[in-house]
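Student: I have not seen this structure before. Please show me how to read it.

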Amino acid sequence: MSAAAQRIASIEEELARTQKNKATMSHICMLKAQLAQLRRQEIESQMKAAGGGGDGWDVKATGDARVGLIGFPSVGKSTLLTKMTGTHSEAAAYEFTTLTCIPGIIRYKGAKIQLLDLPGIIEGAKDGKGRGKRVIGTARTCTLILMVLDASKPVTHKKLIEKELHGFGIRLNQTKPNVYFKRHEKGGIQLHVQLPHAPTHITPQILKSVLSEYRIHHAE
């Protein structure tokens with residue numbers, strides 16, 4: 001386990017045992033900021049390791065959009081790619097048939113859409129099990145994530161995949177927060193709340209502690 005992975009595990013354990021209340025909110029936000037930074041570093045290192053090795057992971061983005069097929073092993077991702085794009089992706093009755101990223105192209109009403117058949121992930125992918133970090137790192141480059149599920153399996157499989165993606169910062173079907181951010185050279189941290197139903201737990205002190213993790217000391 002890498003030093004970053006050990007630090008991530010340590011922070012996750014601390015978050016799990018820290019009670020959520022007003023007194024601990026600042027500490028929790030600081031831990032989450034540290035966690036986000038470490039996970040981003042892990043993704044970047046995984047993507048660098050995946051590129052340039054000729055193993056198919058460093059697929060150049062082409063077309064108007066990029067769609068990633070993600071799911072557990074042997075749920076039909078390769079068959080779907082072959083049927084939709086005509087690109088052959090090996091499919092068989094055993095798990096982990098696809099061991100690298102296989103691209104294909106869909107043409108629809110003048111649009112050119114790149115479809116990626118990603119290897120199946122397993123529970124614990126966000127923590128480095130299997131090829132999870134490389135798969136999720138590639139998924140982050142996609143315009144759209146298409147989750148492929150086996151209808152004969154429990155619906156909890158969907159929740160498990162969402163959890164793995166969430167662990168690496170991929171928020172499915174969620175609107176981005178209405179937040180404006182601008183960095184300055186001086187003036188400190190200024191917080192302006194303009195929404196009538198804005199969260200009340202985000203105080204200037206919490207905001208400063210989170211931004212300090214990113215070495216940002218002057219912004220609004």
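Tutor: Begin with one residue and its neighbours. Contact means heavy atoms within 4.5 Å. Leaving out residues up to four places away in sequence, Thr85 touches Gly104, Ile105, Ile106 and Leu115. The model is predicted: local features need pLDDT of at least 70, side-chain atom pairs count only at pLDDT 80 or more, and totals for chains, interfaces and linings use all residues. Residues are numbered from 1 along each chain as its sequence is written, and side-chain values use heavy atoms, with hydrogens and water left out.

Student: Is Thr85 buried or exposed?

Tutor: Buried means under 20% relative accessible area, exposed over 50%, and partly exposed in between (1.4 Å probe, protein chains only). Thr85 has 18% relative accessibility, so Thr85 counts as buried. Thr85 lies in helix H3 (residues 77–85), where helices (H or I, at least four residues) and strands (E, at least two) are DSSP runs, numbered from the N terminus. Its side chain reaches the backbone oxygen of Leu81 at 2.7 Å.

Student: Which residues of H1 are buried?

Tutor: An α-helix has 3.6 residues a turn, so residues three or four places apart point the same way. In H1 the buried residues are Ala5, Ile8, Ile11 and Leu15. Seen down the axis, they fall within an arc of 125 degrees, so they line one face of H1; the arc is that of the directions from the helix axis to the C-beta atoms. Ala3, Glu13 and Arg17 are exposed on the other side of H1.

Student: Which residues are buried in H5?

Tutor: Helix H5 (residues 156–166) buries Ile161, Glu164 and Leu165. Their arc around the axis is only 100 degrees, which puts them on the same side of H5.

Student: How many residues has the largest nonpolar core?

Tutor: A nonpolar core is a set of buried Ala, Val, Leu, Ile, Met, Phe, Trp, Tyr and Cys residues joined through side-chain atoms within 4.5 Å. The largest has 22 residues, and Leu115, Leu116 and Leu165 are among those with the most contacts inside it. Strand E1 (65–70), strand E3 (111–117), helix H4 (132–139) and H5 each give two or more residues to this core. A second, separate core of 7 residues includes Ile11, Leu15, Leu35 and Leu38.

Student: Where does pLDDT stay under 50?

Tutor: pLDDT is the predictor's confidence in each residue, from 0 to 100. The protein averages 76, and 76% of the residues score at least 70. Residues 50–56 stay under 50, and over residues 92–97 the pLDDT is also below 50. Where pLDDT is low, the predicted coordinates should not be read in detail.

How values were computed
Polar contact = N/O pair within 3.5 Å; in protein donor to acceptor, adjacent residues only side chain to side chain.
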